[in-house]
Amino acid sequence: MKAKNCLIFGGSGQIGSFLIRKLTKNNIKVTVVTRNVHQKGLKIKTQGNAGYIDIKEANIFEEKKIETLFKDADFCINLIGILYEKKKGNTFRNIHTVFPTILAKLCKKYNLKHFIHVSALGINEATDSKYAISKLEGENNILNNFPKSTILRPSIVFSNSDNFSTQFMTLLNRLPIFPLYYSGKTKFMPIHCTDLTEIIYFILTNKVETQVIECVGPEVLTFKEILQILLGLINKKRFLLPFPTPIAKLTAKFLQLMPKPLLTEDQLRLLKYDNISSGKYKTNFEIGVPSKLFFKDEVEKYSFMWRDGGQFSTNRYKSEGFKK
Ligand SMILES: NC(=O)c1ccc[n+]([C@@H]2O[C@H](COP(=O)([O-])OP(=O)(O)OC[C@H]3O[C@@H](n4cnc5c(N)ncnc54)[C@H](OP(=O)(O)O)[C@@H]3O)[C@@H](O)[C@H]2O)c1
């Protein structure tokens, strides 16, 4: 069977790497667009089978260059997203609203079979977050311009190469006290990257007409429960200190000045809202792709890197002469 061609934007990130592996193993050729081939080329190249990956360099403002890539594409997937605004041009609006709209228009112009856009869960509710507003506006523009699109709204996505479980384990390792925002009560349904890529693959290979799908893991965990699981896995005891909102806001004001902010005021506003399925849209469970991987079981597989002594430190030789 002739391999299908899939054009992927943001393929060098966490979800992109898992996705390239899944697609190329299953006879789908990918063209991955990155801003910097020298920086990301090796990482992208090594994710897939030889002959199945093509890499192109372009940034989101090079509209003409991007348009040429649509001529041979059957599908388009957009994984580009940011958590905080930084340099000039890299605004939530440009990245989550304007760019996805351009992609949807190109999908229409070149009559692609399907456009999959990864958005985020809980954006209807978080009306005071710039991140959420830009994601929601992007979704609406996509569906208006190219109805053969599917919007995926994942809860927190985790894996051994995330910026979430790994970063929290690093912080929990170093800090004696850890802040709990909103008393740690915000709920999440963490989904493993493998489960999320199964959903994307399912949509590419089946006739899925649902336009918005909430992508959630198999369990609901509060922020505090997530921290407690991570502490248990790295075998550390830490004081989880509830931060009153005014103090939390003040810390966010300072933290967002860092080159890679640990927390911004906008993220703090987002954290107020539960990040769980809303009941208003279908979830991956309802379209027939249930998530199977549980947070604790999966993080346990790589948490040893943050544990004193590493992976094998509890093992002891049991044979005679080595008992001591
Ligand atoms: N991870 C989560 O927990 C989570 C949860 C909900 C929704 N999402 C959404 O899922 C999508 C993918 O997430 P991810 O975790 O795979 O993200 P990621 O690891 O941060 O990767 C995103 C990719 O986007 C590209 N990118 C970043 N900033 C860019 C910019 N200013 N201009 C152009 N390209 C830029 C980068 O590719 P190059 O450097 O190669 O250009 C990067 O590899 C995002 O839209 C995100 O909002 C993620």
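Guide: Helix 6 passes helix 8 in a right-handed crossing. This is a predicted model: local features need pLDDT of at least 70, side-chain atom pairs count only at pLDDT 80 or more, and totals for chains, interfaces and linings use all residues. Residues are numbered from 1 along each chain as its sequence is written.

Visitor: Why is helix 6 called roughly perpendicular to helix 8?

Guide: Helix 6 (residues 165-174) and helix 8 (residues 223-233) pack at about 70°, with axes 10 Å apart. Axes are lines fitted to C-alpha atoms, for helices over the stretch in contact, and angles run from 0 to 180 degrees between N-to-C directions. Angles of 65 to 115 degrees count as roughly perpendicular, under 35 as roughly parallel, over 145 as roughly antiparallel and the rest as oblique. Helix 6 is therefore roughly perpendicular to helix 8.

Visitor: Which residues make the contact of helix 6 and helix 8?

Guide: Ser165, Phe168, Met169 and Leu172 come from helix 6, and Leu227, Leu230 and Leu231 from helix 8. Two residues are in contact if their C-beta atoms, placed from the backbone, lie within 7 Å. The contact residues divide into 6 nonpolar, 1 polar and no charged. Ala, Val, Leu, Ile, Met, Phe, Trp, Tyr, Cys and Pro count as nonpolar; Asp, Glu, Lys and Arg count as charged; the others, Gly among them, are polar.

Visitor: Why is helix 1 called oblique to helix 7?

Guide: Helix 1 (residues 14-25) and helix 7 (residues 193-205) pack at about 55°, with axes 9 Å apart. That angle makes helix 1 oblique to helix 7. Their crossing is right-handed. The contact includes Phe18 and Leu19 of helix 1 and Leu196 and Ile200 of helix 7. Its residues divide into 8 nonpolar, 3 polar and 1 charged.

Visitor: How do helix 4 and helix 5 stand to each other?

Guide: Helix 4 (residues 92-109) and helix 5 (residues 130-145) pack at about 10°, with axes 8 Å apart. They are therefore roughly parallel to each other. Among the contact residues are His96 and Ala104 of helix 4, and Tyr131 and Ile142 of helix 5. The contact divides into 5 nonpolar, 7 polar and 6 charged residues.

Visitor: How do you know that strand 1 and strand 2 pair?

Guide: Two strands pair if DSSP finds at least two bridges between them. Strand 1 (residues 4-9) and strand 2 (residues 28-34) have 6 bridges and run parallel. Asn5 stands opposite Lys29 in strand 2. The chain goes from strand 1 through helix 1 to strand 2, a right-handed β-α-β crossover. With the strands pointing away from the viewer, the path from the first strand over the helix to the second runs clockwise in a right-handed crossover.

Visitor: What other strand pairs with strand 1?

Guide: Strand 4 (residues 75-78) pairs with strand 1 in the parallel sense over 4 bridges. Leu7 has Cys76 as its bridge partner in strand 4.

Visitor: What makes strand 3 and strand 14 edges of the sheet?

Guide: The open sheet has 8 strands in the order 3-2-1-4-5-6-11-14, with parallel pairing. Strand 3 (53-57) and strand 14 (282-283) each have a single partner strand, so one side of each is left without a neighbour in the sheet.

Conventions: Helices (H or I, at least four residues) and strands (E, at least two) are DSSP runs, numbered from the N terminus. A crossing is left-handed if the near helix is turned anticlockwise from the far one by less than a right angle, and right-handed if clockwise.
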